[in-house]
Amino acid sequence: MSQIAYIDLTTKKVSTKDIPEQIHRMFLGGRGLAAYLLYNHVEKGINPMSPQNALIVSSGTLSGYFATAYGRTHITGKSPLTGVYGDSNIGGDFSPELKYAGFQHLVIKGKADKPTYLWIHDGQIEIKDASGLWGFDTFETQSRIWEELEDPDVKILCIGQAGERLVRFACVRSWLKRAAGRTGLGCLMGSKQLKAIAVRGTKGLPAKDPGKLLEVSKRQLDYGRKTKIFQIMAKWGLLWPWVVNRERGFVRSRNHQIIGFPEGLGTMEVDVFLDKYQERMFACHGCAMHCQHRWEIKEGHFAGLKGEGPEWFIMAGLGALVGNPYWDVALAAEEACNKYGLDVWTYANNVAWLMELWQRGIIDSNNTYGLNLEWGNRETLAKLPALIARREGLGAIIADGPDEAVKRLRKPEAALYYHRCGKGLDLEAPLTQQRATPLGCLTSNRGNDHLRGICNMEHMNLPPAVLENIFGRPINPDPLAWDTKAWMATWTQYLYAVVDALGLCKFWTKFAAPDLWGFDEPLEVLNAVTGWDMSKDELFEVGERIWNTERLFNAREGIGREGDLPSPISTVPIRGGRLDGVSLEPDKYSKMLDEYYELHGWDWEGRPTPDTLKRLNLDKEPSHIL
Amino acid sequence: MAQEYARSKEVYQRVRCMLCGEKLPLDQGQKEVHCSKCGADWVISWINPDLPMVLRHVISTYKPDGGRIF
């Protein structure tokens, strides 16, 4: 049985607890038990950068077992960027290794008196000196730890210079581009002077019914490999959404001012990357899809640069959003964000915002320390990640988020052009062209986020019978219809919560395609591993419980209905494309929000009612059992 | 049901117009396709011999401003 390890960096004390089966079954691991642990270990109102905040590193319940694509790690804490619930999910191979070392969750509190890293191996946890690693980027940090521990099979999570210098949108990194990107958890790690967590495990991970697990895994893998999405992902990786999203109006250029990206046609394209930059494909732990690219720039100003990725949001964020039609500078900026440990999305949103301020004449070179912020400026895009990570010049202005940047620029009107949601996270999913998706994303407990609530099936032109079969209720297939979409968002959010708790990659689920996994397929694997005989209804309720526990955390921080609303500028109708003039009408959105709250059993402010908490066995929380 | 639908010929061996959603049947290996409903022209990429995917607009007929697309 995997354990929870509690690590206090101030006192250097380490303790462990077994996870009672009853609690494990109620929350599962990964994002599920992490929500429980955060609610129990972080008091109301604490400063996210204080030693009282907890950094929780979680492995999924099914991570490490013989099943495809259960290799995701979940990282949780009170967000230094937004001040509310913060969590982020990272691929790679850390999660299974943590299980092989004997742990499912790490609860890290306190603050080290000097730079530190954790060395976790086969049930042992050592707090080691990282003074020699401080100041190095994420690539160099991992190399040096492998050398120091004399084992290249050690799996590592680490921060770069951005996390060390407490940049609010610093992230936690692994390999060359794996990132727990959103909500600034690299900043939280830096605030604890924790440079890295290294893990190596050789313990076994016995399943209750190995024969059944083998049969289920093989059957599911055989099926998955034949799906259309598998074949596309294996060749194009995560670039395929670019084509779909661009034409459906989900790609915005120039800080969300324009739908689509006409100037990138023929240059910022999937085939241009595949022909000119891609070297090969590779995969996360235990995944047959191998959707990740390795690339190299062979000519021009950035010749010799190598990296991993990119995903479609590199095209959307470091391409369209900042008005850059060229792959080489987008890849260079991505690589710099990876190296210094910055969240690429927030970086792109911040640069796009500054470029719009420049376009509107609100700022000029006197405010930018001489940097040219015209749309797509190559030098600025490539240079700014380093300036942010080192807190130099313009980088220092935006390192602490948009509110501080507005104060430092002394331009109050600048705030009007920053796209974000009520919980403070910068805009990720566009809000105007669909209904279930903006609802699912805006009500996300970490802030507007496609990985928590996007309903991709809303715009897939699926027949009504197929939609009803998936969601268990009639769904209006019109992406712009308001009715039935509250249920679509609710169902989707619970599925994603379960997926994150099990450690499964969302690209194997209905996040990506209607014929991939819903609740049934992971449930088969879960029952084979645990011997629980859990029903689909019970698994669905686990998703609901996780979602409510995260909600409880935010409610305790005083977040209510306003947290589920977009910033006014994000709902303005945008010109262009086939959905010209369509917007997220505030009164209709508000009505849909009421329906969504009712489905969850929440009050008008979006807070769980006592009856709901009792039904989900959350009425005694925080119970401090774990 | 979602699985049967996704495996059917409804989904394979054709693409949908990215603008209007019209189903566009293809001959194997066809490089470009014209949508008779909305007039858009698309470049087709073949993931494998049975699996086509829209790659982008045909640049020479793309009209970003004021044309049939925008």
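How many residues of domain 2 of chain A are in contact with domain 3 of chain A? Before I answer, please keep in mind that this is a predicted model, in which local features need pLDDT of at least 70, side-chain atom pairs count only at pLDDT 80 or more, and totals for chains, interfaces and linings use all residues. Residues are numbered from 1 along each chain as its sequence is written, while chains are lettered from A and ligands numbered from 1 in the order in which they are written.

The domain assignment, with bounds from an automatic or database source, divides chain A into domain 1 (3-200), domain 2 (230-411) and domain 3 (436-515 + 535-615). The answer is that 10 residues of domain 2 of chain A are in contact with 8 residues of domain 3 of chain A, contact being C-beta atoms, placed from the backbone, within 7 Å. The C-alpha centres of these two domains lie 27 Å apart.

Let me turn to strand 3 of chain A, residues 55-59, where a strand is a DSSP run of E of at least two residues, numbered from the N terminus. Because 5 of its 5 residues are buried, strand 3 of chain A is largely enclosed by the rest of the structure; buried means that 20 or more other C-beta atoms, placed from the backbone, lie within 10 Å of the residue's own. A:Leu55, A:Val57 and A:Ser59 cover one side, with A:Ile56 and A:Ser58 on the other.

Strands pair if DSSP finds at least two bridges between them, and strand 3 of chain A is joined by 4 bridges to the antiparallel strand 6 of chain A, residues 103-109, where A:Leu55 stands opposite A:Ile108.

Note on methods
A residue is buried if 20 or more other C-beta atoms lie within 10 Å of its own, exposed if 12 or fewer, and partly exposed in between; C-beta atoms are placed from the backbone. Two residues are in contact if their C-beta atoms, placed from the backbone, lie within 7 Å.
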